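Hello,

Here is the structure we spoke about. My notes on the ligand site come after it.

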Amino acid sequence: MCISNKIGPPVEGEDFFGREKEIRKANRLLDSNHSLLLSAPRRIGKSSLAKRLIEEKKQQGWKCVYIDLEETTTEEGFLRLVIEAFKKNGIWKQLTEGMSKGLVSVLDRIEKVTIGGVVDFNIGKREEQEDLYKNLKELIKHDEDTFIVVDELTLFLGILNKSENGAEKVAFILNWLRSLRQVSKTNVRWLFCGSVGLRNFTTAMNLGFTINDLMEFGLGELTREEAEGLLSGLCKSEDMEMSEELINYTLDKLHWNIPYFIQVIFSKLAEEYEDEVTKESIDIAYNKLCSENYLSTWSERLSEYREYEVPARQILKALSTQSAGLEREAMLNILMTGQDASKVEEVDYILSKVLEMLENDGYILKVDSIRTFRSPLLRDYWFNKFVQ
Ligand SMILES: Nc1ncnc2c1ncn2[C@@H]1O[C@H](COP(=O)(O)OP(=O)(O)OP(=O)(O)O)[C@@H](O)[C@H]1O
Ligand SMILES: [Mg+2]
C-alpha cells in the first residue's frame, strides 16, 4: 500500500504524510497531561493531524473520541454528539449500586439517545440544565487514559452565539468544558481544533479564562523535505515520472507548501499526464487550479466572518491585484470609499479586526508594514475569480 491522492476530507492511515515533529511534540504534551488548542489556518491539515494522534493513542490503549461540531448548530445537537460519541467509545461510567437518582436518570437518557430515542434534555430550564451538565461531568470515567478531540469548536460557538441567549449558552459550554479539565487527577486530555479564532473569540466575549489552561499548538506549512516527500510519494503512487528539478519548480511556484495545495496541484498534473511532466504542464495545472473550484472553500468560509465578510472581501480583492502587497493606509482608503469622513475611526477599527482574522486564517501575511496574500496560488485564484 502507498499514499493516494486525497483532496478535501481529512486524510487517514497510509494517506497521512509527514508531520513527525508535530506528532512527537503533541504526544509529549498529551503524555504529560496537557490539553491542547490546535490553532492554525484553513486546510493546513488540523483534522488529519488530530485523527493521526487518535490512531496513535488508540494503539497505546487510550480511549479516544473524535467530535466534529461542524455537524451541529444547537446546544441540543452538541449534547447529542457528545453523548453518542462518549457512549460509543466507553467514556461513560456504568450503572452501579448506590448511584444517585440524578445520575441514574441521566444514564437512562444517555441510553435512550444512543438508540435514537426522543429525549427532552430540558436545557431551556436553567436549574435542570445545570444539574444535567453536572451529572454528565460526574459520569465521565476520569481515571482512564482518554483523548478527546473536539473539532470546529469556534465555528459551532460562533453560530450558537447568534441564537437566542447565545452569549449565555456559549459561556455555559466553555465553562463546562473547562470544569471537565479541572477535575482533580483526571486522565482525560483534550484537543480543540479550529482556526486561530478561538482565542480571539473568547477574548472578545470576556471568556478568555475558560481556555487559558490549554497549551497552544501551532501547525504550519510542510518543511521543504516533507513537501518534496509528499509530492514524490504521490507521483510514485501513480507511476508518474517527475524529476527533482520539476518537484522544486512546483513547490517554488506554490510557495506556501501546505499539503492541500500539493494534493490539488498533483491531481491536476495527474489528470493531464501522458508520459512526462514538464514546466509547461505544471504551469497549465497551476492555471487550472486558479480557474476551477478547488480553492472555493477560502471564499465560502468567509461567511463565518459575518459583519466582517464584506470588508474582508474588499481587502482580498484589492490585495489580489497587487502582488507586491499594500500598506494599511491604502487599505483604509479602500474601505473608506463612499463613507463619510467622520467614520474613519470606526472603519479603521473594522480594518484591524479584518486583518487580524485574515492573518489568523492564513489568507494574508504581514511583512514589515506590508500585507500580501500568503499564497500566490490563492492570490491568483482570487484575481481570476473576483477581479478578472
Ligand atoms: N498529513 C497530510 N498528508 C497528506 N495530505 C494532507 C495531510 N494533511 C492535510 N492533507 C491534505 O489537506 C486536506 C485537508 O486536510 P484537513 O481536513 O486535515 O485540514 P484542516 O486544517 O482540518 O482543514 P479545515 O480548515 O477545512 O478544517 C486533505 O484532504 C489532504 O488533501
Ligand atoms: Mg478540519
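Predicted model: local features only at pLDDT ≥ 70, side-chain atom pairs only at ≥ 80, totals over all residues.

Residues are numbered from 1 along each chain as its sequence is written, and side-chain values use heavy atoms, with hydrogens and water left out.

There are 21 residues around ligand 1 (a heavy atom within 4 Å of it). Lys 6, Gly 8, Pro 9, Lys 46 and Ser 48 come nearest. By class, the shell holds nine nonpolar, five polar and seven charged residues (Asp, Glu, Lys and Arg count as charged; Ala, Val, Leu, Ile, Met, Phe, Trp, Tyr, Cys and Pro as nonpolar; the others, including Gly, as polar).

Polar contacts are N or O pairs within 3.5 Å. A backbone N or O atom of Gly 8 is 2.8 Å from a ligand 1 oxygen. For Ile 44, a polar backbone atom lies 3.1 Å from an oxygen atom of ligand 1. Lys 46 places a side-chain N or O atom 2.8 Å from a ligand oxygen. The protein covers 96% of the 640 Å² of accessible area that ligand 1 has on its own (Shrake-Rupley method, 1.4 Å probe).

Domain 1 (19-218) and domain 2 (224-291) each give at least three residues to the shell (bounds from an automatic or database assignment).

Regards

Technical notes. Chains lettered and ligands numbered in written order. Polar contact = N/O pair within 3.5 Å; in protein donor to acceptor, adjacent residues only side chain to side chain.
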